[in-house]
Amino acid sequence: MTPPLSSQALSPSEYIARHLQNFASNTPASASVDQHAQLTVWNEHVFVVAGILFVVLACIGARRDKWALFTLNPGVSFGRRLYLWWSCAWRQWLASALLFVVAFSVLRLSLGKIATPLMAFAANRVPHDLAQSSPAISLAIAGMPFIVPMLAYLLLSLPLVGYMVRRGLAAHAMPAPRRFGFWRATLLGLITYAWTLPASLAITNVGVSSAQPLANALRAILLVAWGMYIVLPRQVRSVARLAAPR
């Protein structure tokens, strides 16, 4: 008697092929027909997630700063705030871009060596019956060679962003600790990403009834305003708190 197909021992390549075949064959036929409706529901979910994340972060920040959650002390003008934000932003972008170029080059050179082991590792940890009922799991297994390097890039970028923010604030004589170690930089980078995420989720999914270049410009303006009035005060207060004597 031949054992069931799901119980037969499969090589990693055959198992991965099964996952990919399952993902391709289980795509709903109505996906393209109902694409607009699905996109609307997905956007609504994104706004809900962004709102919940913002409320959680605001509650955490309010425990220490109360009503001064998004204020800069002493008060600064719009031009000064914009200049201070830009001083931190361009350093973050430049450092992140250089790190991305290095990470992409390493990934391109080593993709052939890490693709099969990563996919085989993921496939061997997921029961075939579970993957057969969930195309998303099959897609995750297929994308493992890109998911793992992306997570590694994000982890490496956390302290890098923290160091760049600290340098940007120090360039404007803002309170900053003389010694800014790895863990402090990682914490500041995590704070920066956490406060930037709600706006990134919500603003990039806002439907703008205008030409694409104008719509992108409006979204960019909203992101800059969020960075100036929401993210920057949290960065300044976090660095000042780290610089305060204990």
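**Close-up 1. Salt bridge between Asp 65 and Arg 234 in the predicted model.** The side chains of Asp 65 and Arg 234 form a salt bridge with an N to O distance of 2.7 Å; a salt bridge is a side-chain nitrogen of Lys or Arg within 4 Å of a carboxyl oxygen of Asp or Glu. Asp 65 belongs to helix α2 (residues 35-65) and Arg 234 to helix α8 (residues 212-243), so the pair ties together parts 169 residues apart in sequence. Helices are DSSP runs (H or I, at least four residues), numbered from the N terminus. Asp 65 is buried, at 11% relative accessible area, and Arg 234 is buried at 5% (buried, under 20%; exposed, over 50%; partly exposed, in between; 1.4 Å probe, protein chains only).

This is a predicted model, in which local features need pLDDT of at least 70 and side-chain atom pairs count only at pLDDT 80 or more, while totals for chains, interfaces and linings use all residues. Residues are numbered from 1 along each chain as its sequence is written, and side-chain values use heavy atoms, with hydrogens and water left out.

**Close-up 2. Salt bridges of Asp 65 with Arg 237 and Arg 241.** The closest N and O atoms of Asp 65 and Arg 237 are 3.9 Å apart. Asp 65 and Arg 237 are both buried. In the salt bridge of Asp 65 with Arg 241, the corresponding distance is 2.9 Å. This pair links helix α2 to helix α8 across 176 residues. Arg 241 is partly exposed, with a relative accessible area of 26%.

**Close-up 3. The salt-bridge network.** Asp 65, Arg 234, Arg 237 and Arg 241 are linked in a network of salt bridges. The whole structure contains three salt bridges.

Definitions and conventions: Helices (H or I, at least four residues) and strands (E, at least two) are DSSP runs, numbered from the N terminus.
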